[in-house]
Amino acid sequence: MQDIVIDAPSMRSVIHCGSGTFARYAPLIQGNGIFVITDSNVHRLYSDLIENTFAGATVHVIKAGEASKNYNVLLGILRGMISAGLTRSSVVVALGGGVVGDIAGLAAALYMRGIKIVQIPTTLLSQVDSSVGGKTAIDLDGVKNIVGAFYQPEEVIVDPLFLATLPRRELRCGLGEVVKYGGLDAGIYDSLVKNSDRLFSEEFAEEITPACIRHKAKVVTCDERDVGGARKTLNLGHTTGHAFELYYKRRSHGEYVLIGTYYELYIACKLGVTDASFADDFRALIKKVTGRIPSFGDAANAALVAKYDKKNKVQSQISLIVPKERGVCEEIVLPIEQYAALIGECAAYLKGEKA
Ligand SMILES: NC(=O)c1ccc[n+]([C@@H]2O[C@H](COP(=O)([O-])OP(=O)(O)OC[C@H]3O[C@@H](n4cnc5c(N)ncnc54)[C@H](O)[C@@H]3O)[C@@H](O)[C@H]2O)c1
Ligand SMILES: [Zn+2]
């Protein structure tokens, strides 16, 4: 067990990390009313644990899946909080994956202008990434995370006990973000390479999670509101990943991050930013997690989606964060037409590779 601290300007956030942290810290959560938010899958698996740990708490269950990150579900949560009689000294507990964490975080930020929230992430993705750093949001009118707030959890309890029930596909999604950290942090990269034959084991997830959280905590401490440039590095692989995610909608976020990183490495090599042998090693690592990389027939069109920013404003330049060498990333800025053409070229290369 270990504690990692984010000393952000808005608030100090303590992350309890490791096996046994749930049993040790969850029963200590105190407040004038505890309001647990979870989703239908997690509730089915852990309702006994929730009831035994948070006796007397109100448990609010939302439907599992990204589609729940909307304003109707948010209003349902806020109404539930009013019915439960929550006050400024009550506590919200978000027990679930990134969807639960993001919407519960926003509800806690809004209710009475902000009440305490404790995040208890139950997917690998939410343990290494979304539960840490205070970004909360819902989607609106097809735009992801467009309505939200920066709102730090006072505590995060990251216990690998929840990973035992996680389907392999969800592990892969979490590994997508772990590979992202591998492009930013030499220690995480070395660990991924050294353990490339056991990436899907619970033991590896447990070992690598604190390193990922420490990396994110460092970044968030110096750039909490994503304005100084440091937090932008966490977008590694995400420009293309998000474009593919919005265009194809078939896979999950973490899977598109892996595919996006692969395509962006192709561009980085072509532009001479990333050394070819390091790029080969990194791509081999990606394939260990995700298997074959799809050679989308209309990849160049899909990439054009990247020209719309969060407010749907059209941008003529595209920014990519790419792994440059072990533990070092670099930002590439290039015109949208050149970017789309290179993405199309990578898809053609992948098609040839398969033939
Ligand atoms: N706030 C941030 O900084 C940030 C960062 C990255 C991603 N996100 C957001 O996180 C979300 C994705 O998070 P996610 O991948 O955790 O998705 P998710 O919350 O939808 O969980 C994935 C699936 O796993 C199930 N599940 C959760 N815990 C389980 C467990 N222990 N055992 C079995 N099944 C379990 C869920 O019910 C769901 O079906 C996206 O909405 C994304 O935008 C936010
Ligand atoms: Zn991500």
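# Close-up views of a predicted model

**Figure 1. Strand 5 and its side chains.** In strand 5, Val91, Val93 and Leu95 point one way, whereas Val92, Ala94 and Gly96 point the other way, and all of them are buried. The model shown in this and the following views is predicted. In a regular strand, side chains alternate between the two faces of the sheet. Strand 5 covers residues 91–96, and six of its six residues are buried, so the strand is largely enclosed by the rest of the structure.

**Figure 2. Strand 5 is joined to strand 3 and to strand 6.** Strands 3 and 5 run parallel and are joined by four bridges. Within this pairing, Val93 of strand 5 stands opposite Val36. Strand 6, residues 116–121, also runs parallel to strand 5, and six bridges join the two. Here Leu95 has Ile120 of strand 6 as its bridge partner. Between strand 5 and strand 6 the chain passes through helix 4 (residues 98–110), forming a right-handed β-α-β crossover.

**Figure 3. Strand 3 pairs with strand 4.** Five bridges hold strand 3 (residues 34–39) and strand 4 (residues 58–62) in a parallel pairing. Phe35 has Thr58, in strand 4, as its bridge partner.

**Figure 4. The surroundings of ligand 1.** There are 26 residues around ligand 1, and those that come nearest are Asp39, Glu66, Thr122, Thr123 and Thr165. Several polar atoms of the protein face oxygen atoms of the ligand. A polar side-chain atom of Thr123 is 2.6 Å from a ligand 1 oxygen atom. For Gly98, a backbone N or O atom lies 2.8 Å from an oxygen atom of ligand 1. The side chain of Lys69 has an N or O atom 2.9 Å from an oxygen atom of this ligand.

**Figure 5. The zinc ion (ligand 2) and its protein donors.** Three residues provide the protein donors of the zinc ion: Glu177 through OE, His238 through NE2 and His253 through NE2, at 1.9 to 2.1 Å from the ion. Along the sequence, these donor residues follow the spacing E-x60-H-x14-H. Glu177 belongs to helix 6 (residues 168–182) and His253 to helix 10 (residues 253–270), and this pair links distant parts of the chain, 76 residues apart. Glu177 and His253 are both buried.

**Figure 6. Selected salt bridges.** The structure contains 18 salt bridges, and three of them are described here. Where do the partners of these bridges lie, buried or partly exposed? Asp7 and Arg12 form one bridge, with their closest N and O atoms 3.7 Å apart. Asp7 is partly exposed at 45% relative accessible area, and Arg12 is partly exposed at 48%. Glu66 and Lys69 form another, with a separation of 3.9 Å between the closest N and O atoms. Arg198 and Glu207 form a bridge whose closest N and O atoms are 2.9 Å apart. Arg198 is partly exposed at 29% relative accessible area, and Glu207 is partly exposed at 46%. Elsewhere, salt bridges with shared partners join Glu66, Lys69, Asp102 and Lys144 into one network.

Methods: Residues numbered from 1 in each chain as written. Chains lettered and ligands numbered in written order. Predicted model: local features only at pLDDT ≥ 70, side-chain atom pairs only at ≥ 80, totals over all residues. Heavy atoms only, no water. Donors = N, O, S within 2.8 Å, 3.2 Å for Na, K, Ca; no water. Buried < 20%, exposed > 50% of the residue type's maximum accessible area, 1.4 Å probe, protein only. Salt bridge = Lys/Arg side-chain N within 4 Å of Asp/Glu carboxyl O. Pairing = 2+ DSSP bridges. Near = heavy atom within 4 Å. Polar contact = N/O pair within 3.5 Å; in protein donor to acceptor, adjacent residues only side chain to side chain. Right-handed = clockwise from strand over helix to strand, strands pointing away.
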